[in-house]
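Visitor: Hi, could you walk me through this structure with me asking as we go?
Guide: Happy to, let's bring it up.

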Amino acid sequence: MLNYKRFNIIVGWVLFAASLVVYMLTLEPSVPLWDCGEFISASYTLQVVHPPGAPLFLMLGRLFSLFSWGNPEGIALAVNALSAVASALTVTFTFWIITHFALKALNIPISSREIKSGDAIGVFGAGIVGALALTFMDTFWFSAVEAEVYASSSLFTALAFWGILKWEVVKDETGADRWLVFISFIVGLAIGLHLLNLLVIPAVILYYFFNRFPVNTRNVIYSLVIGAGSLVFLNWFVIPGMAKFAALFDKAFVNGMGLPYNSGVLFWVALVIFGVFLGIRWTIRKRKPLLNLAMLCFAYILIGYSSYAMVVIRSLAQPPIDMNNPEDAYSLLSYIQREQYGDRPLFKGPHYVAKDVSPIDVKEGAMSYRKGENGYEEIGRRYSYTWPDKYETLLPRMGDMSEKSQGYKFWYNERKNADGSTKIPTMKQNLGFMWNYQLGWMYWRYFFWNFGGRQSDIQNVDNSAFDGNWMSGIPFIDNRRIGPQEGIPKSLASNKARNVYYLLPFLLGVLGLVFQFNRQKLDATVVTALFIFTGIFIVIYLNQPPLEPRERDYTNVGSYQTFCIWIGLGVLQISELLKRYLGKSAAAGVATVLGLFMAPYLMGTENWDDHDRSDRYLGISFAKNYLNSCAPNAVLFTNGDNDTYPLWYAQNVEGYRTDVRIINLSLLSTEWYAQALTRKYYDSDPLPMSIIPSEKLKDGQRDITRYLADDKKFNKDGYYNLKDVLAFMVSDNPNDMAYTNSGDRVNYMPAKNFIIPVDKSAVVANGTVRESDLPRVADRIEFSVRQNSLMKGSIVMFDIIATNAERGWERPIYFTTTTSDDTYSGLQSYFRHEGLTYRLVPIRSDWSQRGMIDDDLLYDRLMKDYVWGNMDKGEMFLDHKATLVPRNLRSLFAQLSRNYLLKGDSTRAIELANKSFEVIPESIMEMDLGLKSYYIDLYNLAGDTTTAMLKLGELVTTIEEQVAYFENFSAKATLDLKNQARQRLAELARDAGDARNLATRLGAPRLTKRMEVVAQRLGANP
């Protein structure tokens, strides 16, 4: 006999230590990309992150940041370690969950203190295999090594589910229901992490009903209704409702009684506390145990939810990161409800093609309010639109009308009407999109990434066969789906995220699923409910459109970690099969070894190289390079997550280049963000804004200003002073406004061609341009916008630019190079390329060459100033989304090298080309074949024929390998895959032609002949 309880605890903590070692060994030591920079910055000094916030995570992050021991550069590592610890704890609780179910499946009392050795090997083997499978699971591991909320969210999901199992052990004892109160507190706390944790509630309630009441159809229906109802009640009523009632009371107290802001909030909080107290006391007096339990659970959910007080408290301090400024009740309500992101209809709504027609009705919604000087002010109502019946559908799956709607055509057979408009999708096509994309692509593909294998990490947005699919490594399964995989070229096979598990973890999980349903059907039903609610249900609820900016597998991680329970139980199924030939202990031991190989070993060995970030400093190096591409006291306009959040981290945490004011254009249309620009932060003075008074930036006013030709005041072909046009656009003079169809007055944009006057002496004096460039300086900047409307953010940006020009260009104005041309608002003809930024200068240049280039300045930055985040070591895994900046830099190296070559400086041309290959080696990021041809030509023209021949040989071999693969692919694949292969071959034909011409110029007859053979096979012209 073995002391089960003691060993269960010991093994659980050993697994915690083992998984923590794995995560700390692969932890990113500095700021990762995406939201991590925001979360680390906000954790360090308790600031306010994007809606709906994560106050508990930030407070925990602040606690972990103290372990940096005063070293600012160690804060990112410390906060990243929060996710590592949370993930290791999740592994431990998953182990205890599996061993609990294993005991029940083997008909061993769950309260047993001792069990037989043979049973212990099976139980602990199952727990170890399932827990280690979770440790090395792709999606889970990714979140475990960076400062994001998903690792902590997984912990609280596991903790809540473990809590109901602990309740089951003691359910017949006095005070057993304290575990239900514990679960409620965990759920309440988890609201301050991520709302995904709420999805554990239906499974918990289902498990409670199965163990407390007779199992029959009526009670099962009751439990499902109560579970789903509790989820709906919390998500749609309690969480927003608490904030909504607080807002109503605060408005009444502030506007009606003249009391200070948040006085009504405090009254509402006191009222809730008093009401809960009375409710609990009444249930005790009336001897209502179930109602008493419900009131206690509700009270502890609210206690956990109170972490949101931190959001208001810190927002009142006006920190540098103060997303949505939720310092009062109404802004907090908007913050919690994520109003800035809009919503997607779930039950009835329009197809995306409705964007081409006008709505037939506009319905007024609730009034919105903002904090004013003397009380809450109305800022307008929210509106909803009704579309013609033929454009609306039940369960709308293809309803996104933004630019993402361009991606629907990749997932269904989009057809056009005779007039060129898009035909309305049928219900079959609507549901087909849900099945193929939302469930097939955004759930099951990720599922098999984790338990079958993955083709690569390259994001696939057009449903191609070559990137980002799941793959098993088993030819007869993969070949029909993604084409033949034999003979795959090195350029594709070298992707470190190409991992194959031969479906063994999946098969082990299926064995566990079958085993649990055979042995404990009710337990299996509950685990299945948890699996569905945290996976398929959330996918349907999110109603995701195509063309997402990044992979979204992390939203389903709760479902995938649930599947690891079945992976563990699969060991017991194997053991049962082996018992026919072996004794109980031997069968359990062999089953455990097989299970360890089928899941943790394969997953760990395959996944290690693409999850090891231990030597990766990309985020901070990118941030420093962006900031060092700016002159002192600059204004830098950014647009995305990865050109904003790492920069916030560099400034907020490491105190790096705090003189630069970073302005995220996607946030600039909000009142709170525009107002923050008028305050000084760190070493950055308030921004120059003089045209648009702050009271005209209120939410609900001038959110969008449309173009209206006005020949009486503005000739549509003329150019007008930007400052004058902006003043006209925000004027309150009725004569400067237009009338809508409903008779309302609105501001409008009267012109699309603008002028910014230039003070030539000032721009030379302050170093905007060199004195030698004075003859090229324009008297005025002339530019045009293509858009027929301007968002408020664009108007604010123009105010900053116009006011700064009027003040003698006192602050350098920059834009990041990684944003789209539309972001530049027509100014790009006056850009000077200064590295990872474009500087606005009064010298017109050729935008087809990406702006004017200061060769010597760029040379110093690329060769001396920039840091490379250890890319130059050639060993790190550079995931697909991290390649954007390196790709831009490679092109910049090539462009600058060409410039020096044209000036006759072949030495610097070669130095730049060599530096490019040195700091961004091909071992971490394959080079585009066309760009490699460009570099080869540079080496040849610069006189380094040895390097040119070496690179040309590599290029020729790569082209031959890819052509051979895609020709074989085209011969064996299905028709759709053949067409995709032919498209790749057409692209390779151009590359082969370029390589042939290079070989001819280099005098390399053998290479020329090899490319001629390829070109002839592909039908390329000689």
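**Pocket, helix and loops**

Guide: Let's start with the second largest pocket: the largest share of its lining, 8 residues, comes from α33. Do keep in mind that this is a predicted model.

Visitor: Which other elements give two or more residues to that lining?
Guide: Besides α33 (945-972), they are α17 (490-493), α32 (929-942) and α34 (975-1002).

Visitor: And how many residues line the second largest pocket, and which lie nearest its centre?
Guide: The lining has 49 residues, and Ser 491, Leu 492, Glu 926, Met 927 and Gln 962 lie nearest the centre.

Visitor: How much space is in there? And what is the lining like by class?
Guide: The second largest pocket holds about 1,400 Å³ of space. Its lining has 19 charged, 18 nonpolar and 12 polar residues.

Visitor: Switching topic: α14. How many of its residues are buried?
Guide: For α14 the count is 8 of 8, so this helix is largely enclosed by the rest of the structure. The buried residues are Ala 329, Tyr 330, Ser 331, Leu 332, Leu 333, Ser 334, Tyr 335 and Ile 336.

Visitor: What do the buried residues of α14 pack against?
Guide: There are helices and strands on that list: α10 (217-257), α11 (263-285), α12 (289-305) and α13 (309-316), plus β4 (361-371) and β5 (376-386).

Visitor: What about the two ends of α14?
Guide: At the start, a side-chain oxygen of Asp 328 comes to within 3.1 Å of the backbone nitrogen of Tyr 330. Just after the helix, Arg 338 has a positive phi of about 55 degrees.

Visitor: Where does Arg 338 sit, and is it buried or partly exposed?
Guide: Arg 338 is in the loop that runs from α14 (329-336) to β3 (348-350). Its relative accessibility is 35%, so Arg 338 counts as partly exposed. As background, most residues other than glycine have a negative phi.

Visitor: What is phi at Ser 825?
Guide: Ser 825 also has a positive phi, near 55 degrees. This serine belongs to the loop between β18 (813-816) and β19 (831-833). With a relative accessible area of 4%, Ser 825 is buried.

Visitor: And which peptide bond is cis?
Guide: Pro 51 to Pro 52 is a cis bond, with omega near 0 degrees. Pro 52 is in the loop between α2 (36-45) and α3 (55-65).

Visitor: Back to serines: what does the side chain of Ser 731 reach?
Guide: It reaches the backbone nitrogen of Asn 733, at 3.0 Å. Ser 731 is in the loop between α26 (722-729) and β13 (738-739), and this residue is buried at 12% relative accessible area. Leaving aside residues up to four places away in sequence, Ser 731 touches Lys 696, Arg 702, Asp 736, Met 737 and Asn 747.

Visitor: Last topic, aromatics. How many pairs does the structure hold?
Guide: The structure has 81 aromatic pairs. One of them is Tyr 859 with Tyr 900: the ring centres are 5.8 Å apart and the planes are at 75 degrees, so the pair is edge-to-face. Tyr 859 is in α29 (855-865) and Tyr 900 in α30 (884-902), so the pair ties together parts 41 residues apart in sequence.

Visitor: Are Tyr 859 and Tyr 900 buried or exposed?
Guide: Both Tyr 859 and Tyr 900 are buried.

Visitor: Which residues do ring pairs link into a cluster?
Guide: The cluster consists of Tyr 443, Trp 444, Phe 447, Phe 448, Phe 451, Trp 470, Phe 506, Phe 531, Tyr 560, Phe 563 and Trp 566.

Conventions: Residues numbered from 1 in each chain as written. Predicted model: local features only at pLDDT ≥ 70, side-chain atom pairs only at ≥ 80, totals over all residues. Heavy atoms only, no water. Helix = DSSP H or I, 4+ residues; strand = E, 2+ residues; numbered from the N terminus. Buried < 20%, exposed > 50% of the residue type's maximum accessible area, 1.4 Å probe, protein only. 1 Å grid on protein atoms, 1.4 Å probe; cavity = no way out; pocket = protein on both sides within 12 Å on 5 of 7 lines; lining within 4 Å. Points joined across faces, edges and corners; volume = space filled by probe spheres on them. Nonpolar A, V, L, I, M, F, W, Y, C, P; charged D, E, K, R; others polar. Contact = heavy atoms within 4.5 Å. Polar contact = N/O pair within 3.5 Å; in protein donor to acceptor, adjacent residues only side chain to side chain. Phe/Tyr/Trp six-rings, centres within 6.5 Å; stacked < 30°, edge-to-face > 60°.
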